[in-house]
Amino acid sequence: MSKEILVLSGPNLDQLGTRSPEIYGTATLDDHVDRLRAKAESQGFSLRHVQSNFEGVLIEAIHEARHTSAAILFNAGALTHSSWALADALAMFTGPAIEVHLSNPAAREPFRHTSTLAGVVQGSIAGFGGFSYDLALDAALALLV
Ligand code: DQA
């Protein structure tokens, strides 16, 4: 089994730190990834991170992960609410895929209440700020070891 965990980040998450800090906090995406990498490595896993503002790049990262990664932690940003192409790609991934959100989309504007990914992931973790990522990694590790 692959020992790689893919953390996949969609549009606008590269702006974390200065993007609506009252909603998303002040930590940068690198801060989250560095913390997750240290934790994954302490459990014998490597961590790869891909961030893109382009849907096709995210789709191709999922395709590649089918051959390289044991699990995917995916914050698709606003594409969560619109992208059936990402859902189709994720449906082909056979390992655990976990949907992650810093905020709780269900408690926000109505357009955020729908997730195209919800039906093709193992589960979703939302609303705990940066800690959502830690909880998602814990879940993935529990499923893998
Ligand atoms: C988000 C929630 C989405 O609705 C939003 O478009 C994002 C971030 C989150 O992590 O809370 O870009 O995925």
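1. A residue counts as near a molecule if one of its heavy atoms lies within 4 Å of it. By that rule the ligand is surrounded by Arg-19, Tyr-24, Asn-75, Gly-77, Ala-78, His-81, His-101, Leu-102, Ser-103 and Arg-112.

2. This is a predicted model, in which local features need pLDDT of at least 70 and side-chain atom pairs count only at pLDDT 80 or more, while totals for chains, interfaces and linings use all residues. Residues are numbered from 1 along each chain as its sequence is written, and side-chain values use heavy atoms, with hydrogens and water left out.

3. The shell around the ligand holds 3 nonpolar, 5 polar and 2 charged residues (nonpolar: Ala, Val, Leu, Ile, Met, Phe, Trp, Tyr, Cys and Pro; charged: Asp, Glu, Lys and Arg; polar: the others, Gly among them).

4. The distance is 2.7 Å to the side chain of His-81, 2.8 Å to the side chain of Asn-75 and 3.1 Å to the backbone of Ala-78. The protein buries 99% of the 320 Å² that the ligand exposes when taken alone (Shrake-Rupley method, 1.4 Å probe).

5. A search of the whole structure finds 1 cavity of 30 Å³ or more (a set of points on a 1 Å grid over the protein atoms alone, where a 1.4 Å probe fits but cannot get out). The largest cavity contains about 140 Å³ of space. Its lining has 13 residues, and Tyr-24, Gly-77, His-101, Ser-103 and Arg-108 are the closest to the centre (lining residues have an atom within 4 Å of a point). By class, this lining is 5 nonpolar, 5 polar and 3 charged.

6. The ligand takes up the space of the largest cavity (more than half of its atoms lie within 2 Å of the grid points).

Terms used. Polar contact = N/O pair within 3.5 Å; in protein donor to acceptor, adjacent residues only side chain to side chain. 1 Å grid on protein atoms, 1.4 Å probe; cavity = no way out; pocket = protein on both sides within 12 Å on 5 of 7 lines; lining within 4 Å. Points joined across faces, edges and corners; volume = space filled by probe spheres on them.
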